[in-house]
Amino acid sequence: MALTKVELFDQIRRDSWREGLGVRALARKYGVHRRLVREALTQPEPTPRKTPKRRSPQLEPFKKVIDEWLRADLDAPRKQRHTVKRIHRRLLDEQDAAGLSYSTVRDYLAKRKPEIRIEEGRAPAKVFIRQNHPPGEEAEVDFGELWVNLAGVLTKCYLFVYRMSYSGKAIHKIYATSGQEAFLEGHVEAFTRLGGTPTRHIRYDNLTAAVTKVLFRGRLRVENPRWRLFRSHYRCEAFYCERGIEGAHEKGGVEGQIGYFRRNYLSPVPQVDSLAELNARIEHFEQLEDGRRIGARLRTIAQDFAIEAPLLRALPDDHFWPPSRTGTVGPGYCHIR
């Protein structure tokens with residue numbers, strides 16, 4: 001079996017170190033050029049192969065006229081703009097582009113169309129529409145990192161936050177890990193304390209506790225089977241936000257809540273003997289939060305939640321419990337600095 005380049009580099013270095021073989025001897029032994037041996041002995045990893053830039057010499061004489069057609073399309077009626085097929089046909093009929101393949105034209109248009117829109121100042125601006133959250137219908141979930149002085153040791157932990165989108169009522173719980181055990185236990189805690197689940201959906205980013213694969217198009221996801229069972233038990237629908245910064249505004253409420261709660265109640269770094277002690281403090285902080293008004297709202301968080309609480313979907317008679325295979329997630333999984 002042929003060696004990979006990494007395996008080859010490893011063997012060359014080993015023979016150089018153990019047997020004292022020189023560059024020429026190593027090149028003869030492995031049947032490679034001396035340049036490759038020197039690279040193996042002087043560089044930490046193989047130089048990645050350069051991807052050659054694809055050129056289309058057949059298309060070169062026609063790029064200018066294609067660009068003119070694309071620019072004209074910017075002001076043409078939407079249903080009378082050029083398709084790839086139409087441009088290819090016109091090139092063959094009007095420009096004597098015999099032998100020019102359809103795929104070459106297609107690949108050029110895929111790259112050039114958005115560039116021309118930008119060049120002509122026609123690139124669409126991203127518009128964020130203010131979201132409307134009817135009472136009882138939606139919630140948002142996320143984890144945030146924080147540091148805790150846990151029994152004298154500075155320890156990295158994770159703040160689970162479940163936030164009702166209408167009222168801003170939020171449940172917070174600190175865990176030693178952001179894994180699936182904490183993820184599910186946090187949901188059970190929130191569902192139990194709030195007395196129900198949203199009737200529409202809960203918003204998430206693509207947490208590995210819930211999603212095993214993000215499909216290429218749209219919002220379709222391959223969900224973790226255990227998470228899917230959990231959701232179906234509580235009759236919850238998941239809304240997965242777009243990837244990257246584009247999706248941050250889709251659950252801005254919970255992201256803002258994490259930062260707000262961390263700044264106002266967990267700074268400076270809390271000093272406790274256990275996470276149970278810290279979580280007891282957090283329940284007291286949440287009681288203080290009930291009297292807060294968010295922004296310019298007329299009612300407090302507690303008053304708004306009183307409106308949506310009766311609208312939540314009732315919980316099943318039995319809990320999905322224990323949600324983790326190990327029970328409560330303990331401090332042994334913390335990252336310690």
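# Notebook: a walk through a predicted model

**Entry 1: a proline in a loop.** I began at proline 268, which sits in the loop between helix 9 (252-265) and strand 8 (271-272). I noted how these elements are set: helices (H or I, at least four residues) and strands (E, at least two) are DSSP runs, numbered from the N terminus. The peptide bond leading from serine 267 to proline 268 is cis, with omega near 0 degrees.

Before going on, I wrote down the ground rules. This is a predicted model, where local features need pLDDT of at least 70 and side-chain atom pairs count only at pLDDT 80 or more, while totals for chains, interfaces and linings use all residues. Residues are numbered from 1 along each chain as its sequence is written, and side-chain values use heavy atoms, with hydrogens and water left out.

**Entry 2: positive phi.** Most residues other than glycine have a negative phi, and most peptide bonds are trans. With that in mind I looked up aspartate 96, which has a positive phi of about 55 degrees although it is not a glycine. I found aspartate 96 in the loop between helix 5 (84-94) and helix 6 (102-119). Is aspartate 96 buried or exposed? Aspartate 96 is exposed, with a relative accessible area of 66%. My cut-offs here are under 20% relative accessible area for buried, over 50% for exposed, and partly exposed in between (1.4 Å probe, protein chains only).

Arginine 235 is in the loop between helix 8 and strand 7 (238-240), and at 46% relative accessibility arginine 235 counts as partly exposed.

**Entry 3: strand 3 and its partner.** Next I turned to strand 3 (residues 170-175), where 6 of its 6 residues are buried. Ala170, His172 and Ile174 point one way, and Ile171, Lys173 and Tyr175 the other way. Strand 3 runs antiparallel to strand 2 (residues 153-164), and 6 bridges join them; two strands pair if DSSP finds at least two bridges between them. Which residue of strand 3 is the bridge partner of tyrosine 158? I found tyrosine 175 there. The two strands make a hairpin with 5 residues between them, and glycine 168 in the turn has a positive phi of about 80 degrees.

**Entry 4: nonpolar cores.** In soluble globular proteins, nonpolar side chains tend to be buried together. I used this rule: a nonpolar core is a set of buried Ala, Val, Leu, Ile, Met, Phe, Trp, Tyr and Cys residues joined through side-chain atoms within 4.5 Å. The largest nonpolar core has 30 residues, of which Tyr162, Phe183, Ile202, Trp227 and Phe230 touch the most other members. Strand 1 (138-150), strand 2, strand 3, helix 7 (180-194), strand 4 (201-204) and helix 8 (225-234) each supply at least two residues of this core. Helix 7 gives the most, with 7 residues. Another core, of 20 residues, lies apart from this one and includes Leu150, Val161, Ile258 and Tyr260.

I then checked isoleucine 202 for contacts (heavy atoms within 4.5 Å). Leaving aside neighbours within four places in sequence, the partners of isoleucine 202 include Val141, Tyr162, Phe191 and Phe239.

**Entry 5: charges.** Side chains of opposite charge can pair when their charged atoms come close. I counted a salt bridge when a side-chain nitrogen of Lys or Arg is within 4 Å of a carboxyl oxygen of Asp or Glu. By this rule the count comes to 24 salt bridges.

Arginine 203 and glutamate 138 form one of them (3.2 Å, N to O). This pair links distant parts of the chain, with arginine 203 in strand 4 and glutamate 138 in strand 1, 65 residues apart. Both are buried.

Aspartate 290 forms a salt bridge with lysine 169, the closest N and O atoms being 2.9 Å apart. Aspartate 290 lies in the loop between helix 10 (275-289) and helix 11, and lysine 169 in the loop between strand 2 and strand 3, so the pair ties together parts that are 121 residues apart in sequence. I found aspartate 290 partly exposed at 21% relative accessibility and lysine 169 buried at 13%. Salt bridges that share partners also join Asp67, Arg71, Lys111, Arg112, Glu115, Glu119 and Glu120 into one network.

My last stop was glutamate 308, in helix 11 (residues 301-308). Among the residues that glutamate 308 touches are Pro135, Met164 and Tyr166.
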